[in-house]
Amino acid sequence: MTRVYMDANATTPLLPEVVEAMRPYWIDRFGNASSIHLDGQQAHTAVDRARATLAEFLNCHDAEVIFNSGGTEGDNTALFGLLRPGNHLITTSIEHSAILAAANRLAAFGVDVTYVAPSASGVIDPEEIRRALRPNTRLISVMLANNETGVLQPIEEIGKIAGEAGAFFHIDAVQGAGKVPLDVRRSGCHLCSISAHKMHGPKGIGAMFVRRGTPLEPLVVGGSHERRQRAGTENVPGIVGFGRAAELAMHSLEDGTMERVAALRDRLEAGILQLPGTGVNGGAAPRVANTTNIWFDDLEGEALVIALDLKGVAVSGGSACHSGATEPSHVLMAMGLDKTRARASLRFSLLKTATDADVDYVLKVVPEAIAHLRAISPVAAGTAG
Ligand code: PLP
């Protein structure tokens with residue numbers, strides 16, 4: 001059966017070039033990057049090379065790149081590493097749970113937290129961030145692109161506000177990295193988290209930009225790895241793979257790939273919107289090229305995810321990290337959708353390798369699945385509370 005994967009915001013496959021780059025570092029070049037012998041130095045050199053690539057990707061100095069286990073760790077490190085009881089944190093109600101759960105835990109320990117809500121189109125107004133400032137505001141944490149809607153946030157304006165207020169600024173760039181150019185200097189941030197598996201690199205490896213002089217306490221302590229910012233033997237194959245994925249991502253930001261993906265996404269969206277009782281969540285806002293989040297009246301989103309899966313199409317209802325949970329998406333609720341419509345929303349997120357044939361296939365099966373589900377749906381029949 002044809003399979004079309006449109007859940008790139010959950011994770012992406014490794015590109016063949018990434019696998020090839022990683023391969024030697026599992027077997028022949030397996031050394032510990034901290035060892036002083038040749039095997040260790042080979043690993044160390046490979047880590048340094050990847051660090052230089054990531055520094056170019058982020059536009060920072062090599063020494064400002066800290067490798068870690070991924071976006072969740074980066075987000076946790078930013079919050080736990082800077083905030084103490086009595087400090088104030090400004091974040092938003094549409095962040096990933098890696099931020100929200102960390103903020104909740106800190107709130108229980110005496111950190112004041114303000115959650116700024118987005119507009120109906122899913123954008124955070126920088127002026128709302130400014131209004132939330134207090135004398136004890138130590139950190140502002142805002143995402144670059146939302147994982148569910150793809151909506152891009154005005155991080156440069158927020159960076160200016162943070163700078164004027166003397167607050168630290170963290171960007172969760174996990175969903176924006178590789179999809180839009182990322183420049184930590186321009187954005188005025190002190191910390192920025194990214195994750196390899198969202199950009200065709202391996203799972204379990206991430207990186208964090210830590211601006212020189214930022215008084216960040218490490219989250220993971222032990223050895224002196226990563227300039228004492230993150231203890232633990234480096235995941236050398238993962239780091240090498242991340243470096244290669246970042247190199248390829250820089251190419252595809254310049255070679256027209258993102259424009260091609262945007263055109264495919266727009267065709268998919270326009271095709272689905274032909275169906276009655278549909279609309280785009282965040283459609284009025286600037287978005288990353290690969291994402292569309294669509295509501296379908298008279299449907300249960302989870303049922304449509306399963307129906308499409310049976311027809312060979314992988315999509316997601318709400319955030320992948322919440323699938324299995326029955327609560328409607330906190331992002332869509334924060335944008336003002338009612339529970340029914342939030343539950344009836346689906347995220348289609350295209351890989352950068354997506355093709356016209358993928359879109360054709362999805363446009364063929366979505367109307368079939370919807371017609372079938374609407375015919376049997378208790379929601380459509382008006383029997384569901
Ligand atoms: N932040 C955002 C915006 C995400 O979308 C995700 C993953 O979905 C994360 C953080 C967590 O990243 P990781 O899976 O690398 O821990």
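**Sheet, helices and loops**

Analyst: In this predicted model, three strands form an open sheet, with antiparallel pairing, in the order β9-β10-β12.

User: Which strands stand at the edges of this sheet, each with a single partner strand?

Analyst: The order of the strands in the open sheet is β9-β10-β12. The twist from one strand to the next averages 25°. One side of each edge strand is left without a neighbour in the sheet, because each has a single partner strand; these strands are β9 (278-280) and β12.

User: In β12, what is the bridge partner of T291?

Analyst: β10 and β12 pair over five bridges in the antiparallel sense. The residue of β12 that bridges to T291 is S349.

User: What angle does the direction of α10 make with that of β12?

Analyst: Helix α10 packs on the sheet and touches both β10 and β12. Its direction and that of β12 make an angle of about 40°.

User: Within what arc do the buried residues of α10 fall, seen down its axis?

Analyst: In helix α10 (residues 301-310), the buried residues are G301, L304, V305, A307 and L308. They line one face of the helix, because seen down the axis of α10 they fall within an arc of 165°.

User: Which exposed residues does α10 carry on the face turned away from its buried side?

Analyst: The buried residues of α10 are covered by elements that include β10 (291-296), β11 (313-314), α12 (339-343), β12 (345-349) and α13 (356-376). The face turned away from that buried side carries two exposed residues, I306 and L310.

User: Is D298 buried or partly exposed?

Analyst: D298 is found in the loop between β10 and α10. Its phi is positive, about 65°, although D298 is not a glycine. With a relative accessible area of 39%, D298 is partly exposed.

User: Which residue takes a positive phi just after α10?

Analyst: The phi value in question is about 95°. The residue that takes it, just after α10, is G312.

User: At what angle do the axes of α2 and α8 cross?

Analyst: Two packed helices are described by the angle between their axes and the distance between the axes. The axes of helix α2 (residues 38-58) and helix α8 (residues 236-254) come within 9 Å. α2 passes α8 in a left-handed crossing. The angle between the two axes is roughly 30°.

User: How many nonpolar residues does the contact of α2 with α8 have?

Analyst: From α2, the residues that meet α8 are A43, A46, V47, A50, T53, L54, E56 and F57. Their counterparts in α8 are V236, I239, V240, F242, G243, A246, E247, A249 and M250. By class, the contact has two polar residues, two charged residues and, as nonpolar residues, 13.

User: Which residue of β8 stands opposite S193?

Analyst: All of L191, S193 and S195 on one side of β7, and C192 and I194 on the other, are buried. Strand β6 (residues 168-172) pairs with β7 in the parallel sense over three bridges, and I171 stands opposite C192. β7 also pairs with strand β8 (residues 206-210), in the antiparallel sense over five bridges. There, the residue opposite S193 is M208.

User: What is the relative accessible area of H200?

Analyst: H200 is found in the loop between β7 and β8. Its phi is near 65°, a positive value in a residue other than glycine. H200 is buried, because buried means under 20% relative accessible area and the value for H200 is 5%.

User: What distance separates the C-alpha atoms of Q153 and P126?

Analyst: Q153 lies in the loop between β5 (137-143) and α6 (155-165) and is buried. Beyond its neighbours within four places in sequence, Q153 is in contact with I94, G122, V123, I124, V142, M143 and L144. Q153 and P126 are 27 residues apart along the chain, and their C-alpha atoms are separated by 9.0 Å.

Terms used: Residues are numbered from 1 along each chain as its sequence is written. This is a predicted model: local features need pLDDT of at least 70, side-chain atom pairs count only at pLDDT 80 or more; totals for chains, interfaces and linings use all residues. Side-chain values use heavy atoms; hydrogens and water are left out. Buried means under 20% relative accessible area, exposed over 50%, partly exposed in between (1.4 Å probe, protein chains only). Helices (H or I, at least four residues) and strands (E, at least two) are DSSP runs, numbered from the N terminus. The arc is that of the directions from the helix axis to the C-beta atoms. Contact means heavy atoms within 4.5 Å. Axes are lines fitted to C-alpha atoms, for helices over the stretch in contact, and angles run from 0 to 180 degrees between N-to-C directions. A crossing is left-handed if the near helix is turned anticlockwise from the far one by less than a right angle, and right-handed if clockwise. Ala, Val, Leu, Ile, Met, Phe, Trp, Tyr, Cys and Pro count as nonpolar, Asp, Glu, Lys and Arg as charged, and the others, Gly among them, as polar. Two strands pair if DSSP finds at least two bridges between them.
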